[in-house]
Amino acid sequence: MSSVTIKNVTKSFGSAVVLDNFDAVFADGEFITLLGPSGCGKTTMLRIIAGFEKPTSGAVLFDDRVVSSEKVFIPPEKRDIGMVFQSYAVWPHMTVFDNVAYPLQIKKVDKATIKKKVDRVLEVVHLTQYRDRIPSQLSGGQQQRVALARALVAEPALLLLDEPLSNLDAKLRESMRFEIKEIQRQYGITVVYVTHDQTEAMAMSDRIVVINRGVIQQVGSPRTIYSEPANPFIADFVGKIDFVEGVASEGVIALNDCDQKLPYKGELRGNVIVGVRPENIKYAEKGKGMLRGVVKSHFYLGDVDDCRVDLGGGQELRIIADPYESRNVENGKQVELDVRSFLVYPQKPGEDFRKILT
């Protein structure tokens with residue numbers, strides 16, 4: 001297995017800086033996810049780790065071995081990596097067995113060892129019964145498992161996955177998340193996984209690296225990234241959240257333009273942005289709520305009710321509530337709300353927080 005150290009990596013294409021001073025360490029056996037919006041640089045970082053791109057500056061090390069720097073470049077085939085792409089990239093004319101065996105055949109491994117290793121990995125990815133089929137006879141999820149088995153069969157020190165589930169339907173994506181994580185546990189392999197899907201990142205990762213515009217925004221466990229996001233961009237990108245503006249003083253935040261307040265024990269003072277996740281809001285009894293407003297929209301979704309509440313002055317909050325608790329809620333009704341927890345960030349005078357989220 002292998003750890004990965006990325007030292008101050010910058011990557012530019014002409015005048016466009018795609019990665020800016022990327023600095024991180026991924027531990028041996030860790031499942032790391034590079035998470036961010038399209039074009040943020042996450043796939044470029046993965047390709048630099050793989051050796052498909054050279055960094056403009058900085059270095060990449062596997063354990064203590066430099067694989068990319070200004071003076072050293074080890075090609076992908078000598079880095080002991082497995083890689084699974086967004087497209088399945090399986091050979092259409094080969095059987096499942098031959099697709100998976102291909103990396104070992106290239107290395108001229110003897111036939112008995114090839115059979116033993118391929119049989120083992122097919123069992124791990126639940127494809128033993130399909131070993132003699134060709135890809136056109138398989139579902140999309142089965143083809144993706146073929147690609148995963150092919151990446152694993154040579155027992156690489158590092159497994160790189162570039163949005164491997166994005167072409168699958170929602171139910172299949174969910175089941176494949178757990179399969180990939182279970183396979184990683186069985187092999188004890190270091191995984192670097194690229195996605196823009198925050199649910200995938202939360203479900204699978206030991207740690208998440210959030211990237212925006214080529215810059216690392218935060219590195220932490222899924223729980224830390226979700227509950228303690230370092231800035232409004234992360235809070236908005238990972239999970240559902242609404243932002244309202246206000247002024248913080250001793251013990252209270254006065255919300256702008258709506259004559260309402262939230263209790264506050266933090267240290268920030270002056271203009272602030274308040275982020276509230278919809279699951280942290282509950283309906284309150286009349287006269288006992290922290291906030292009041294008018295239901296702007298109400299959608300019954302079966303397991304939850306999804307509502308927008310207008311606080312006044314252009315300030316809105318979303319509440320996702322138990323249908324039993326909100327059975328009397330309807331559009332136009334006045335309601336009161338309790339806020340269980342919220343996030344607070346400083347705001348520069350005149351700053352439009354919506355621009356911070358892009």
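Is Arg207 buried, partly exposed or exposed? In this predicted model, Arg207 is partly exposed, because its relative accessible area is 25%, and buried would require a value under 20%.

**Salt bridges**

The count of salt bridges comes to 14. Three of them are set out here.

| Pair | N to O distance | Relative accessible area |
|---|---|---|
| Arg207 and Glu30 | 2.6 Å | Arg207 25%; Glu30 10% |
| Lys115 and Asp119 | 2.8 Å | Lys115 44%; Asp119 25% |
| Asp206 and Lys181 | 3.4 Å | Asp206 34%; Lys181 9% |

Take Arg207 and Glu30, whose side chains meet in a salt bridge. Glu30 counts as buried, because its relative accessibility is 10%.

Asp206 pairs with Lys181. Here, too, distant parts of the chain are linked, and the two residues are 25 apart. Asp206 lies in the loop between helix H6 (198-204) and E9, while Lys181 is in helix H5 (residues 170-187). Asp206 is partly exposed. Lys181 is buried.

Lys115 is partly exposed, and Asp119 is partly exposed. Salt bridges that share partners join Lys115, Asp119, Arg131 and Asp132 into one network.

**Helix packing**

Two packed helices are described by the angle between their axes and the distance between the axes. For helix H2 (residues 96-106) and helix H4 (residues 140-152), the axes come within 7 Å and cross at roughly 30°. H2 is therefore roughly parallel to H4, since angles under 35 degrees count as such. The crossing of H2 and H4 is right-handed.

Which residues make the contact? H2 contributes Val96, Asn99, Val100 and Pro103. H4 contributes Val146, Ala149 and Arg150. By class, the contact has 5 nonpolar, 1 polar and 1 charged residues.

**A loop glycine**

Where is Gly287 placed? Gly287 is in the loop between strand E15 (281-284) and strand E16 (291-300). Gly287 is exposed, because its relative accessible area is 65% and the exposed class begins over 50%. The C-alpha atoms of Gly287 and Ala147 are separated by 59 Å. Along the chain, Gly287 and Ala147 are 140 residues apart.

Technical notes:
Residues numbered from 1 in each chain as written. Predicted model: local features only at pLDDT ≥ 70, side-chain atom pairs only at ≥ 80, totals over all residues. Heavy atoms only, no water. Axes fitted to C-alpha atoms, helices over the stretch in contact; angles between N-to-C directions. Helix = DSSP H or I, 4+ residues; strand = E, 2+ residues; numbered from the N terminus. Parallel < 35°, antiparallel > 145°, perpendicular 65-115°, else oblique. Left-handed = near helix turned anticlockwise from the far one by under 90°. Contact = heavy atoms within 4.5 Å. Nonpolar A, V, L, I, M, F, W, Y, C, P; charged D, E, K, R; others polar. Buried < 20%, exposed > 50% of the residue type's maximum accessible area, 1.4 Å probe, protein only. Salt bridge = Lys/Arg side-chain N within 4 Å of Asp/Glu carboxyl O.
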